[in-house]
Amino acid sequence: MKILIIEDEKLLADSLCRLLENKGFDVEAVYEGETGLEYAKLGIYDLLVLDVMLPKSNGYEVAREIRSRRLGTPILMLTARSDLEDRITGLNSGADYYLTKPFDTREFLACINALLRRQEAQVDEIVFGNTSLDLASAMLVCGADRVRLSAKEFDIMRFLFQSKERNLSKETILARVWGYDSDAVENHVEVYIGFLRKKLASIGSDIRIEAIRRLGYHLEVRDD
């Protein structure tokens, strides 16, 4: 599970990162609203932890922009404001839950787990063409045939399934799968796309990964 923390109090953000990483989550943190929004718009995160009082763009604005793009990523909003009107504003902006600072880490983790369980209950597979991606087992399934994916293969395939015909650049895939601070290069993406094409063919899938020069990759259903 990949979580993005958008919080301008760097000590708090880094503390939450360590807490979640110790629980097995893949976590990234940014410290102001505009950058957080750019990260969130990638649609690659399973959950957003979003502070209200942020420089450049506040949490309400970020949440509204995310929802205007029809991104359903769960949002846990953090704030020092406890007034009813502030909580209503946060929820109306698109937050799924509103947690007031200071909070106990046990309550924070309970909120995270509850939002992720709700998300998992809604979607356990993604389907395109005659093929599905089982999110619980990380397997590609086509009829009676199935093949297990490695962790990075699964992340790339999930991203492609979610984007369908929309092109994903190599840079975007690198950021999603390897992280912004990774030393991985575009050739890594090409290698894993090759692995996935072979696995799709091995189960008789009617979908293919198309490459468009300078634009990236997307999925198509074969006509034959």
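Let's start at Ser57, which sits in the loop between strand E3 (47–51) and helix H3 (59–68); helices (H or I, at least four residues) and strands (E, at least two) are DSSP runs, numbered from the N terminus. This is a predicted model, where local features need pLDDT of at least 70, side-chain atom pairs count only at pLDDT 80 or more, and totals for chains, interfaces and linings use all residues. Residues are numbered from 1 along each chain as its sequence is written, and side-chain values use heavy atoms, leaving out hydrogens and water.

With a relative accessibility of 11%, Ser57 counts as buried (under 20% relative accessible area, with exposed over 50% and partly exposed in between; 1.4 Å probe, protein chains only). Setting aside residues up to four places away in sequence, Ser57 touches Gly33, Glu34 and Val62, where contact means heavy atoms within 4.5 Å.

Now for the aromatic rings. Rings of Phe, Tyr and Trp (its six-membered ring) pair if their centres lie within 6.5 Å; planes under 30 degrees apart count as stacked, over 60 as edge-to-face and the rest as tilted. That rule gives three aromatic pairs. Phe103 and Phe108 are stacked, because their ring centres are 5.5 Å apart and their planes at 20°. Phe103 is buried at 16% relative accessibility, and Phe108 is buried at 0%.

Trp178 and Tyr192 pair edge-to-face, at 5.6 Å centre to centre and 70° between the planes. Trp178 lies in the loop between helix H7 (170–177) and helix H8 (186–202) while Tyr192 lies in helix H8, so this pair ties together parts 14 residues apart in sequence. Ring pairs also link Trp178, Tyr192 and Phe195 into a cluster.
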